[in-house]
Amino acid sequence: MSCSAAGQGKNSSGKRRISDLLTQSDNRVCADCSAPDPKWASANIGVFICLKCCGVHRSLGTHISKVLSVTLDEWSDDEVDSMIEIGGNASANSVYEAFIPDGVSKPGPDASHDQRMQFIRSKYEHQEFLKPSLRITSVKGSNSSSQQPHLEGMVEFIGLLKVTLKKGTNLAVRDMRTSDSYIVLTLGQQTAKSTVMKSNLNPVWNEELMLSVPHDYGSVKLQVFDYDAFSGDDIMGEAGIDIQPLITSAMAFGDPEMFGDMQIGKWLKSRDNALIEDSIINIADGKVKQEVHIKLQNVESGELELELEWLRLDQ
């Protein structure tokens, strides 16, 4: 059998698995508006959606919802496995629609674009319909909650991000034949800096850096520099780290110590990010962790391996 024939057979098998999942009763209607016969899916969220809701999902960006056609697009094995693991609309909605407050109505098949946009952004981007104890948003009132954001100055913090810098591979040369490399992480107004690894293009840090995550968080900016004692430090590449998949997964499951070891999420590789491979989010030994392998951007060479860990404020 030729390689192309084998690849086609593999993709055909994946599409059959998706088609089989689509036949489940809960997947025969759109997860967001209940329109019949959905032909689109959000591969990372794990739901089947209609054409009208598909347009809204695409507007959120692939870091929130990666939209694929059930019949027209090519699905990777990881994307198929992710859909199967989640189980479809009923399973996903049990998390994302666990608590829809009074006064908020789920849009119907004939809803306007604005109605769909408001509901879908609230549901997936802002996480407003998770159980109150799991919500990312601020909990008002005098009663404290383990998930309630911590106020420090004028910035609300919802948790802590531990970043373990593992190692770099084939980093760029900025001195004669080597570089004195170090890493800077930036999140909002915060920065954290690693130690300098002297004369090493394949440094092993095994160093932990900690960042407080604000309520209105964005991506973590990672930059690698070459230290120079006599002039400005030279850039050796950069990358953005999307932490929303980690936080969304952690918030959805609550206390990780209540669960055994399991995969709970995934940050999918795409042309829009620096991932070398899909980044898996797991509960391991009662902790929410994510392995990240990235290729540095805007530089001739260099890869980094990191581990992210989400910590609730009460930890």
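A pocket is found on a 1 Å grid over the protein atoms alone: it is an open set of points with protein on both sides within 12 Å along at least five of seven lines, and its lining residues have an atom within 4 Å of a point. Grid points are joined across faces, edges and corners, and a volume is the space filled by probe spheres set on the points.

The model discussed here is predicted, so local features need pLDDT of at least 70 and side-chain atom pairs count only at pLDDT 80 or more, while totals for chains, interfaces and linings use all residues. Residues are numbered from 1 along each chain as its sequence is written, and side-chain values use heavy atoms, with hydrogens and water left out.

The largest pocket holds about 650 Å³ of space. Its lining has 25 residues, and Ile45, Ile86, Tyr96, Ile264 and Gly265 lie nearest the centre. Two or more lining residues come from each of helix H3 (77-86), helix H4 (89-96), helix H6 (244-253) and strand S11. Helices (H or I, at least four residues) and strands (E, at least two) are DSSP runs, numbered from the N terminus. H6 gives the most to this lining, with 6 residues. By class, the lining has 13 nonpolar, 10 polar and 2 charged residues; Ala, Val, Leu, Ile, Met, Phe, Trp, Tyr, Cys and Pro count as nonpolar, Asp, Glu, Lys and Arg as charged, and the others, Gly among them, as polar.

Two strands pair if DSSP finds at least two bridges between them. Ala284 stands opposite Lys287 in S13, and the hairpin of S12 and S13 has 2 residues between the strands, where Asp285 takes a positive phi near 55 degrees.

In a regular strand the side chains alternate between the two faces of the sheet. On S12 (residues 279-284), Ser279, Ile281 and Ile283 form the covered face, and Ile280, Asn282 and Ala284 the uncovered one.

Helix H2 (residues 51-60) has Cys53, Cys54, Val56, His57 and Leu60 buried. These residues lie on the same side of H2, because they cover an arc of only 165 degrees around the axis, taken from the directions from the helix axis to the C-beta atoms. Leu51 and Lys52, on the other side, are exposed. Buried means under 20% relative accessible area, exposed over 50%, and partly exposed in between (1.4 Å probe, protein chains only). After H2 comes Gly61, whose phi is positive, near 100 degrees.

Conventions: 1 Å grid on protein atoms, 1.4 Å probe; cavity = no way out; pocket = protein on both sides within 12 Å on 5 of 7 lines; lining within 4 Å.
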